[in-house]
Amino acid sequence: MNQKSLPREVTAPARHFTVQLSATRRGARLARLLTERQLDDWGLAYEAAVHVVAELASNAVLHGRVAGRDFRLGLRLRPDRTLRIEVTDARGDRVPYVHDPVGADAESGRGLLIVGAYADRWGTAEAPAGCKVVWAELGAPDREDP
């Protein structure tokens with residue numbers, strides 16, 4: 001390969017991380033910790049992404065669990081610096097939705113509101129074998145200097 005055959009502009013490659021985890025509270029906690037570590041390795045700020053992963057993984061464990069089936073966490077950093085978070089669970093028949101406003105003393109029902117507050121956009125998609133993917137995108141999670 002000579003210099004004339006090299007592209008004039010090189011863009012940053014997309015980065016990708018995927019892991020399959022048990023559909024338990026421990027698996028949801030591990031998803032959060034692995035996200036923190038992976039984004040730190042990529043040199044990115046991770047606080048917002050960790051909150052989104054915590055909510056989506058928790059929902060996968062609480063509402064998307066099927067006995068004997070795991071859930072999958074996927075992180076993809078695109079060349080435009082958009083971070084896409086995907087959590088795939090085994091319950092394609094249970095599509096998440098934002099509940100009506102919950103009372104101040106309610107212990108649940110705010111997860112997707114939290115996701116919506118941190119993410120630029122989020123949604124769901126069908127996945128093979130009756131599964132579903134809940135995804136969220138966060139724009140340019142650059143690390144801030146202290």
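Before we click anything, one term: a residue is buried when its relative accessible area is under 20%, exposed when that is over 50%, and partly exposed in between, using a 1.4 Å probe and protein chains only. Now try Asp89, which counts as buried at 5% relative accessibility.

A word on what you're looking at. This is a predicted model, where local features need pLDDT of at least 70 and side-chain atom pairs count only at pLDDT 80 or more, while totals for chains, interfaces and linings use all residues. Residues are numbered from 1 along each chain as its sequence is written, and side-chain values use heavy atoms, with hydrogens and water left out.

**Stop 1: the sheet**

Switch to cartoon view. Helices (H or I, at least four residues) and strands (E, at least two) are DSSP runs, numbered from the N terminus, and two strands pair if DSSP finds at least two bridges between them. You'll find an open sheet of 5 strands in the order 1-2-3-5-4, with antiparallel pairing. Strand 1 (15-21) and strand 4 are the edge strands, each pairing on one side only. From one strand to the next, the twist averages 15°. Angles here run from 0 to 180 degrees between N-to-C directions, with axes being lines fitted to C-alpha atoms, for helices over the stretch in contact.

Next, select residues 71-77 and 83-89: these are strand 2 and strand 3, paired in the antiparallel sense over 6 bridges. Click Arg72 and look across to Thr88, its bridge partner in strand 3.

**Stop 2: a hairpin**

Select residues 121-127 and 131-138. Strand 4 and strand 5 pair here in the antiparallel sense over 7 bridges. Gly123 has Trp135 in strand 5 as its bridge partner. With 3 residues between the strands, the hairpin includes Ala129, which takes a positive phi near 60°.

**Stop 3: charged pairs**

Side chains of opposite charge can pair when their charged atoms come close. A salt bridge means a side-chain nitrogen of Lys or Arg within 4 Å of a carboxyl oxygen of Asp or Glu. How many salt bridges does a search of the whole structure find? It finds 6.

Go back to Asp89 and show Lys132 too: they form a salt bridge, with the closest N and O atoms 2.8 Å apart. Asp89 lies in strand 3 and Lys132 in strand 5, so this pair ties together parts that are 43 residues apart in sequence. Is Lys132 buried or exposed? Lys132 is buried, with a relative accessible area of 6%.

Now pick Glu137 and Arg121, whose side chains meet in a salt bridge (2.8 Å, N to O). Glu137 sits in strand 5 and Arg121 in strand 4, 16 residues apart. Glu137 is buried at 6% relative accessibility, whereas Arg121 is partly exposed at 47%. Select Arg78, Arg84, Glu86, Arg121 and Glu137 together: salt bridges that share partners join them into one network.
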